[in-house]
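Please look over the sequence and the structure shown here.

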Amino acid sequence: PVLPAEEILERVRRLYDAGLSFQAWQLAQRLGPWRHWPDTSARVLAGRLASQLCADRLGDALLVRAWRADRNAPEAVLYGAMALSSIRGSLAALDLLNASGILDADTAQRWDATAYAARLYATFRDFETADRLIARAFDASGTAWIWAQQAAIHEMADRYPEALEASRRALQIDPRSRSAIYYTAHLLSLSERDTEAIALLR
């Protein structure tokens, strides 16, 4: 049956959120080329889906394009910052987040953006700022995403047991979280617990 684009997008999003990226991509073919998807949220989803399917350059390009087309959309700002981090580095991503006002805005993405900013500061080994920002995010929320950013910060500070504990906490909150699965498997591998890491990825 012919489905409206909005219904297809909602189904694609549900599949993506369930970790079924390939199935989401198969269904998304009904929407035509990704660059022609109908609105900012859909274009951000296209970029995220491309990245999950190992088309990182395409995913980054789509996310930056979505942000440039709608610079006031918090979702586009957050994922645009992630793409810029990949393309141009942490400083460019931080500049975007700070200039956008998302870290102080009353939006659904505020605390995810704050946690991501904390991680970016940690890449410069500014752990004082990173710890302050991640604490702000935890005061307001406790999502798997925020715990995964905490795991990344701990790893950059060479606090590996704390990093693994944080990643496991993320996994407990959302067993389907890609970031939680990635960090837990990665940290298990660093601890030479490859069998556990492989079992988790399966």
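**A walk through the model**

A24 is buried, with a relative accessible area of 0%. Buried stands for under 20% relative accessible area, exposed for over 50%, and partly exposed for values in between, using a 1.4 Å probe and protein chains only. A24 sits in helix 2, residues 21-28. Helices here are DSSP runs of H or I with at least four residues, strands are runs of E with at least two, and both are numbered from the N terminus. Not counting residues up to four places away in sequence, A24 touches V12, L15, Y16 and L49, where contact means heavy atoms within 4.5 Å.

The model is predicted, so local features need pLDDT of at least 70 and side-chain atom pairs count only at pLDDT 80 or more, while totals for chains, interfaces and linings use all residues. Residues are numbered from 1 along each chain as its sequence is written, and side-chain values use heavy atoms, with hydrogens and water left out.

Another buried residue is G59, whose relative accessible area is 0%. G59 belongs to helix 4. Neighbours within four places in sequence aside, G59 is in contact with G47, A50 and S51. The C-alpha atom of G59 is separated by 29 Å from that of T129, 70 residues apart along the chain.

Next come the nonpolar cores. A nonpolar core is a set of buried Ala, Val, Leu, Ile, Met, Phe, Trp, Tyr and Cys residues joined through side-chain atoms within 4.5 Å. The largest one has 35 residues, and W67, L78, L97, I102, Y116 and I153 touch the most other members. Two or more residues of this core come from each of helix 4 (56-69), helix 5 (74-88), helix 6 (90-100), helix 7 (110-123), helix 8 (127-140) and helix 9 (144-156). The most is given by helix 5, with eight residues. W67 is in contact with A76, V77, G80, L84 and L96, leaving aside its neighbours within four places in sequence. Another core lies apart from the largest one; this other core has 17 residues, including Y16, A28, A42 and A46.

After helix 6 comes G101, with a positive phi near 85°. In the loop between helix 6 and helix 7 lies A105. A105 counts as partly exposed because its relative accessibility is 22%. The C-alpha atoms of A105 and R202 are 38 Å apart, with the two residues 97 apart along the chain.

How do helix 9 and helix 11 lie against each other? Their axes come within 9 Å and cross at roughly 30°. Helix 9 is therefore roughly parallel to helix 11. Axes are lines fitted to C-alpha atoms, for helices over the stretch in contact, and angles run from 0 to 180 degrees between N-to-C directions. Angles under 35 degrees count as roughly parallel, over 145 as roughly antiparallel, 65 to 115 as roughly perpendicular, and the rest as oblique. On the side of helix 9 the contact is made by W145, A148, A151, A152 and E155, and on the side of helix 11 by S179, A180, Y183, H186, L187 and L190. Beyond helix 9, in the loop between helix 9 and helix 10 (160-173), lies D158. D158 is not a glycine, yet its phi is positive, about 65°.

The last pair is helix 11 (residues 178-190) and helix 12 (residues 194-201), which pack at an angle of about 160° with their axes 7 Å apart. These two helices are therefore roughly antiparallel to each other. I181, T184, A185, L188 and S189 in helix 11 meet D194, E196, A197, L200 and L201 in helix 12. The loop between helix 11 and helix 12 holds E192. E192 is exposed, with a relative accessible area of 73%. The phi of E192 is near 60°, a positive value in a residue other than glycine.
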